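Please read it with the structure open.

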Amino acid sequence: MKIWLDGKLVDKEQAVVSVFDHGLLYGDGVFEGIRAYNGRVFKLDEHIERLCHSARAIMLKMPLDRTATKQAVLDTLRANGLKDAYVRLVVTRGIGDLGLDPRKCPKPTMFVIADRISLYPEETYTKGLTVATVSTRRNLPVALDPRIKSLNYLNNILAKIEANTYGVLEAIMLNAEGYVAECTGDNIFVVRGGRLITPPTSAGALEGITRATVLGLARSLSVLCAEENITQYEIYTGEECFLTGTAAEIIPVVQVDSRPIGTGKPGPVTLKLIDAFRELTRREGTPV
Ligand code: PMP
């Protein structure tokens, strides 16, 4: 496996960063998870755009411009001969001293890993996932906006630990006001009264690229869509529920907090969107 590290493609064993890197010391950095399908990188521009926004929000100067950043992703895929892959693109504040001050970190560290990922077992895509609401609240947007895709994922990890103790594969996180925000690594949707509803990103959700893709697909399929605050009640009383993410794609949710959702099986809107999404990933993307 070849890793792209600060402009060079190196062997996995040589792909090491300093213990003084503030990405490691403080989670000071930003990242993207990107997917390639059959030799095409899906929504590459959107991922680079979000990475630049995350970097701008934390005043981190990107080491490369957008074109060169994209090229690094394509070069990594090519070097590894991968047509279907999950790509992790990371930019950290770089090496500094033991203090917090990012001014002591003159040079950001950037690396790209291309690998495979399978987030959930294959049968959960046909049978549906069981999830639970956890007590860990999503980060307050006024403190650390969840729209920043930063390397500091402790908030999500604490929720994931709770999910593990409940024996479920994903956790629903509420915001401080008690509205549904998102899951630890996915956005959430419900179908209720025939409408497709997802929390607004102001509720404390990442501006998910799969989320935006699904909203676009739903509209093209004439499904009424809304970005609205929802509580657990809307999920419990909805007809369908599903999660979206680059790694997860679209995954049906059939049980939440011990309650079956709708018929307890993946619903027709979910299945139609899964089909449309698969079709899109086959068709679209930046060639490697
Ligand atoms: N929310 C969180 C917290 C995530 O980590 C992710 C995965 N990047 C998502 C939502 C889904 O976003 P996307 O569709 O862009 O992968």
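1. Start in helix α3. The side chains of Asp75 and Arg78 meet there in a salt bridge, at 3.5 Å from N to O. Both residues belong to α3, which covers residues 66–79. They sit 3 residues apart, about one turn of the helix. An α-helix has 3.6 residues a turn, so residues three or four places apart point the same way. Asp75 is partly exposed, with a relative accessible area of 25%. Arg78 is also partly exposed, at 46%. Keep in mind throughout that this is a predicted model.

2. How many salt bridges does the count come to? The count is 16.

3. Take Asp6 and Lys107. Asp6 forms a salt bridge with Lys107, with the closest N and O atoms 4.0 Å apart. Asp6 lies in the loop between β1 and β2, and Lys107 in the loop between β5 (85–92) and β6, so the pair ties together parts that are 101 residues apart in sequence. Asp6 is partly exposed, at 34% relative accessible area. Lys107 counts as exposed, at 53% relative accessibility. The distance deserves a check by eye, because a salt bridge is counted within 4 Å.

4. Now Arg93 and Asp28. Their salt bridge has its closest N and O atoms 2.8 Å apart. Arg93 lies in the loop between β5 and β6, while Asp28 lies in the loop between α1 and β3 (29–37), so this pair ties together parts 65 residues apart in sequence. Are these two residues buried or exposed? Arg93 is buried, and so is Asp28.

5. Strand β1 (residues 2–5) pairs with strand β2 (residues 8–11) in the antiparallel sense, over 4 bridges. The hairpin has 2 residues between its strands, and Asp6 takes a positive phi near 45 degrees in it. Within the pairing, Leu5 stands opposite Lys8 of β2.

6. Strand β1 has another partner. It pairs with β6 (residues 109–115), again in the antiparallel sense. This pairing runs over 2 bridges. Here Leu5 stands opposite Phe111 in β6.

7. Two other residues carry a positive phi without being glycine. Asn38 has a value of about 45 degrees. Its place is the loop between β3 and β4 (40–42). Asn38 counts as exposed, at 51% relative accessibility. Asp257 has a phi of about 50 degrees. Asp257 is placed in the loop between β14 (249–256) and β15 (259–260). At 17% relative accessibility, Asp257 counts as buried.

8. Next, helix α8, residues 268–283. The buried residues in α8 include Val269, Thr270, Leu273 and Ile274. Ala276, Phe277, Leu280 and Thr281 are buried too. Just after α8, Gly285 takes a positive phi of about 135 degrees.

9. On cysteines, a search of the whole structure finds 0 disulfides. Cys183 is buried, with a relative accessible area of 1%. The sulfur of Cys225 is 15 Å from its closest cysteine sulfur, also in Cys241. That distance too is too far for a bond.

10. Last, the surface. Which residues make the nonpolar patch of about 790 Å²? They are Val19, Phe20, Leu24, Leu25, Tyr26, Ile95, Leu98 and Leu100. Tyr26 has its place in helix α1 (residues 22–26). At 33% relative accessibility, Tyr26 counts as partly exposed.

Technical notes: Residues numbered from 1 in each chain as written. Predicted model: local features only at pLDDT ≥ 70, side-chain atom pairs only at ≥ 80, totals over all residues. Heavy atoms only, no water. Pairing = 2+ DSSP bridges. Patch = residues over 30% accessible without salt bridge, like charges linked within 9 Å, V, L, I, M, F, W, Y side chains within 5 Å. Areas by Shrake-Rupley, 256 points an atom, 1.4 Å probe, with all protein chains shown as cover. Buried < 20%, exposed > 50% of the residue type's maximum accessible area, 1.4 Å probe, protein only. Disulfide = S-S within 2.5 Å.
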